[in-house]
Amino acid sequence: MAQTEEAEAAILPLLGYLPLLQRMSPPQLLRERATLTVTPPTPITQLRLALLLGQPRAVQDLVRALSLLEAVLKSSDPAATSLHPLARVLASQYQERLKLATQNEKLLQQLKESQHRNGELQEKLDALSDIERSLPVRPSSGKKPPGAPR
């Protein structure tokens with residue numbers, strides 16, 4: 001029971017830090033990042049920096065955030081072990097976000113290739129239409145051409 005209380009005591013301030021980050025402007029986020037970067041690395045500062053690096057309005061660096069979270073998860077320091085549940089959840093979310101970003105990039109590339117291919121096909125179709133319009137019209141003699149349905 002004491003371990004659960006210890007974990008809650010360590011995690012709750014970090015959960016309170018997240019809304020604070022969400023209210024910060026981009027310049028404030030940059031200042032906070034600079035402050036956390038020069039602060040001696042403790043499990044709490046590593047987790048705070050990982051939270052900041054995962055903010056959509058900040059310069060995102062999910063790979064670095066994941067490495068910070070992995071360092072916290074590998075640590076056997078009592079301060080770090082109490083943060084493991086939060087670090088695991090954040091690492092899972094950041095990994096999923098990275099996977100989705102990669103998929104999004106692939107889909108964007110496929111879209112660009114499809115649009116390029118569609119443009120080329122439209123040009124060919126337009127060229128065929130131009131050729132068709134330039135062909136002389138055959139006079140109709142009242143006879144049906146061979147092979148035409150009766």
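Student: Over which ring does the charged end of Arg48 sit?

Tutor: In this predicted model, local features need pLDDT of at least 70, side-chain atom pairs count only at pLDDT 80 or more, and totals for chains, interfaces and linings use all residues. Residues are numbered from 1 along each chain as its sequence is written, and side-chain values use heavy atoms, with hydrogens and water left out. A charge counts as over a ring if NZ of Lys or CZ of Arg is within 6 Å of the ring centre and within 35 degrees of the ring normal. For Arg48 the distance to the centre is 4.0 Å, and the ring is that of Tyr17.

Student: Is His84 buried or exposed?

Tutor: His84 is found in helix H6, helices being DSSP runs of H or I with at least four residues, numbered from the N terminus. Buried means under 20% relative accessible area and exposed over 50%, with partly exposed in between, using a 1.4 Å probe and protein chains only. The relative accessible area of His84 is 13%, so His84 is buried.

Student: Which backbone oxygen does the side chain of His84 reach?

Tutor: Leaving aside neighbours within four places in sequence, His84 is in contact (heavy atoms within 4.5 Å) with Val72, Leu73 and Ser75. At 3.3 Å, the side chain of His84 reaches the backbone oxygen of Ser75.

Student: How far apart are the end C-alpha atoms of H6?

Tutor: The expected span of a helix is 1.5 Å times one less than its number of residues. The 51 residues of H6 should therefore span 75 Å, and this agrees with the distance between its end C-alpha atoms, 74 Å.

Terms used
Helices (H or I, at least four residues) and strands (E, at least two) are DSSP runs, numbered from the N terminus. A polar contact is a pair of N or O atoms within 3.5 Å; within protein, one must be able to donate a hydrogen and the other to accept it, and residues adjacent in sequence count only if both atoms are side-chain atoms.
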